[in-house]
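Try each task before reading its solution.

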Amino acid sequence: MNFITLGKIAGAVALTMGLAGCMDVTMDVAIKDETSGKLTTTMLMGADFYAMAKSGMAQAGAAQGAGAASEGLGFCEEPGDVLTENADGSATCVSVKEGTFAELTADESSETKAEEEPRFEVVSPGVVKVTFPLKSVTSELGSEAQDAQTKAMMQALFEGKTITLKISGKEILDTNMTRAADGASAEIVVPFLDLINGTTTLPEEVFATVKTN
């Protein structure tokens with residue numbers, strides 16, 4: 001199974017239905033200054049699913065040779081990913097990427113359209129407005145017709161799982177997301193099932209205006 005993000009950041013709420021339903025996902029875009037930031041993606045896979053994923057990987061490795069043991073899991077396989085196996089059997093994968101805004105949003109494997117890409121705009125000295133379009137994201141997952149069996153399976157896979165998109169910096173000046181008590185971040189938490197069932201009430205885009213100095 002492959003874990004694929006659509007547009008990496010712009011499609012932070014749109015994940016394919018493979019491993020995505022087995023985990024909670026958080027993407028934190030920290031604005032450092034007027035031109036650069038840091039993207040931290042954290043994925044938490046539950047113990048049951050992680051055990052099955054590891055078992056499948058081991059079987060593939062035994063069948064195809066020693067070199068195959070690290071392939072096919074589709075979880076925490078990208079360069080720089082850090083995998084932690086937790087005491088309860090679950091697993092956490094953390095990926096960190098730093099650079100200019102263009103570097104953060106670059107995704108060679110994606111065919112993201114311009115209107116689906118995140119926007120970073122300097123609105124005044126030391127102040128950056130970050131906007132993430134969500135319209136295409138919400139329609140992407142809710143557009144698939146499902147029979148009763150498939151729907152039941154999806155309900156089981158995605159029950160209780162969420163995607164969190166977070167924007168942080170020195171201070172959030174304005175946002176249509178939920179601002180943290182300390183004023184240094186804003187986030188939106190989206191249940192997977194709301195996307196699958198087409199019951200989400202997400203706005204067409206979310207934004208946060210961030211003070212960087």
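**Exercise 1: a pair from distant parts**

Lys161 and Asp24 join their side chains in a salt bridge, at 4.0 Å from N to O. This is a predicted model, where local features need pLDDT of at least 70, side-chain atom pairs count only at pLDDT 80 or more, and totals for chains, interfaces and linings use all residues. Residues are numbered from 1 along each chain as its sequence is written, and side-chain values use heavy atoms, with hydrogens and water left out.

Task: find where the two partners sit, and decide whether Lys161 is buried or exposed.

Solution, step by step:
1. A salt bridge here needs a side-chain nitrogen of Lys or Arg within 4 Å of a carboxyl oxygen of Asp or Glu.
2. Lys161 belongs to the loop between helix H4 (148-158) and strand E7 (162-168), while Asp24 is in strand E1 (residues 23-31), 137 residues apart. Helices (H or I, at least four residues) and strands (E, at least two) are DSSP runs, numbered from the N terminus.
3. Lys161 has 17% relative accessibility, so it is buried; Asp24, at 22%, is partly exposed. The cut-offs are under 20% relative accessible area for buried and over 50% for exposed, with partly exposed in between (1.4 Å probe, protein chains only).

**Exercise 2: another pair**

Task: which parts of the chain does the salt bridge of Lys32 and Glu98 tie together?

Solution, step by step:
1. The side chains of these two, Lys32 and Glu98, meet at 3.0 Å, N to O.
2. Lys32 is in the loop between E1 and strand E2 (36-45), and Glu98 is in strand E4 (residues 91-100), so the bridge links parts 66 residues apart in sequence.
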